[in-house]
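Biologist: I am new to this structure and would like to learn how to read it. Could you take me through it step by step?

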Amino acid sequence: MSEVDTTGEPVQGAAGGGAAARQTRPLLEVDDVVMRFGGVTALDHVSFAVNEGEILGLIGPNGAGKTTCFNVMTGVFRPTTGQVRLNGRPLVSRSRHQITRLGIARTFQNIRLFPEMTALENVLVGTDARHRTSVPGALLRLPRHRREERAGRAKAHELLDFMGIGSTANQLARNLPYGDQRRLEIARALATEPALLCLDEPAAGFNPAEKEELLELIRRIRDRGQTVLLIEHDMRLVMGVTDRIVVLEFGRKIADAVPAEVRSDPKVVAAYLGVPDDAA
Ligand SMILES: Nc1ncnc2c1ncn2[C@@H]1O[C@H](COP(=O)(O)OP(=O)(O)OP(=O)(O)O)[C@@H](O)[C@H]1O
């Protein structure tokens with residue numbers, strides 16, 4: 001049976017009054033999803049909801065199924081069984097492009113940019129996902145296409161500024177320092193105007209100061225109106241920024257609660273045995 005909360009009730013105990021007030025409705029529902037690869041069950045009847053306006057953490061030891069979950073949600077994999085819904089609309093069987101248009105954007109564990117394009121052009125690829133001009137309209141450079149192009153460029157600059165990398169607009173992505181490439185990936189994802197932004201280990205390779213900045217940025221992204229789903233291994237970051245955390249282990253959901261509860265949950269502690277407690 002599905003464990004997804006479809007009552008529309010606010011989530012109990014969410015961090016911060018503002019966040020709790022916004023968490024009134026499930027935006028994304030992962031409903032009883034099973035994903036098998038041959039003999040490996042990467043997701044085993046997983047159900048959870050991401051509520052509108054919250055920052056949800058998705059954590060678990062290596063191989064727990066976190067990235068597979070992102071891949072199922074974004075149309076990379078079709079689940080063996082189960083359903084994923086965004087605003088109540090089924091996503092399974094839709095193409096990645098359709099899912100982007102419906103409002104889910106993601107970043108990748110291993111950065112995926114167009115290395116030979118500038119930072120600005122990389123973000124413009126994201127804004128293109130929202131353009132309404134037809135291909136003939138674009139080829140003929142009709143006024144509407146030119147207007148959309150101008151608006152897209154303005155938005156791309158605004159997003160680069162928002163991510164703190166405005167000065168890199170004309171540099172090739174491959175020449176950017178690692179941290180700026182990670183920020184650029186987020187800017188590109190935001191350019192698709194997602195309702196839900198999925199970040200797959202955005203702090204990987206960051207030093208503590210950069211992690212602190214990222215934490216602040218994630219909060220600001222939520223304050224812009226985006227709901228955030230975050231896969232992250234850094235427990236301090238996860239505990240510090242999320243309203244709620246879903247924990248996977250061996251493809252099963254073992255916890256779904258506010259950070260303080262998850263932290264002291266014996267099942268979670270056991271799953272993380274080997275990870276020093278003070279990492280949390
Ligand atoms: N395309 C695939 N083909 C076969 N097995 C896969 C595939 N993708 C994932 N798996 C397997 O599914 C399981 C879950 O992997 P997944 O990458 O989702 O875990 P994860 O929680 O994201 O791990 P990590 O924290 O190491 O990134 C693993 O056993 C993995 O080997």
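Modeller: What follows covers the domains, the interface between them, and the ligand site. This is a predicted model, in which local features need pLDDT of at least 70 and side-chain atom pairs count only at pLDDT 80 or more, while totals for chains, interfaces and linings use all residues. Residues are numbered from 1 along each chain as its sequence is written, and side-chain values use heavy atoms, with hydrogens and water left out.

Biologist: Into which domains is the chain divided?

Modeller: Domain bounds come from an automatic or database domain assignment. Here domain 1 covers 1-103 + 194-280, and domain 2 covers 116-191.

Biologist: How many residues of each domain are in contact?

Modeller: Contact means heavy atoms within 4.5 Å. On that rule, 20 residues of domain 1 touch 14 residues of domain 2.

Biologist: What area do the two domains bury between them?

Modeller: The size of an interface is often given as the accessible area lost when the parts come together. The area is found with a 1.4 Å probe and summed over both parts. Domain 1 and domain 2 bury about 1,500 Å², with 59% of it on carbon and sulfur atoms. R101, L217 and R224 supply 34% of the area that domain 1 buries against domain 2, more than any other three residues.

Biologist: How many salt bridges cross the interface of domain 1 and domain 2?

Modeller: A salt bridge is a side-chain nitrogen of Lys or Arg within 4 Å of a carboxyl oxygen of Asp or Glu. The rule finds three across this interface, and 18 in the whole structure. R224 pairs with E158, their closest N and O atoms being 3.2 Å apart. This pair links distant parts of the chain: R224 is in the loop between α8 and β8 (227-231), and E158 is in helix α6 (residues 143-162), 66 residues apart. Helices (H or I, at least four residues) and strands (E, at least two) are DSSP runs, numbered from the N terminus.

Biologist: Which residues are the closest to the ligand?

Modeller: A residue is near a molecule if one of its heavy atoms lies within 4 Å of it. The ligand is surrounded by 14 residues, of which the closest are G63, G65, K66, T67 and T68. A polar contact is a pair of N or O atoms within 3.5 Å; within protein, one must be able to donate a hydrogen and the other to accept it, and residues adjacent in sequence count only if both atoms are side-chain atoms. A polar side-chain atom of N62 lies 3.3 Å from an oxygen atom of the ligand. For Q109 the distance from such an atom to a ligand oxygen is 3.3 Å, and for H233 it is 3.0 Å.
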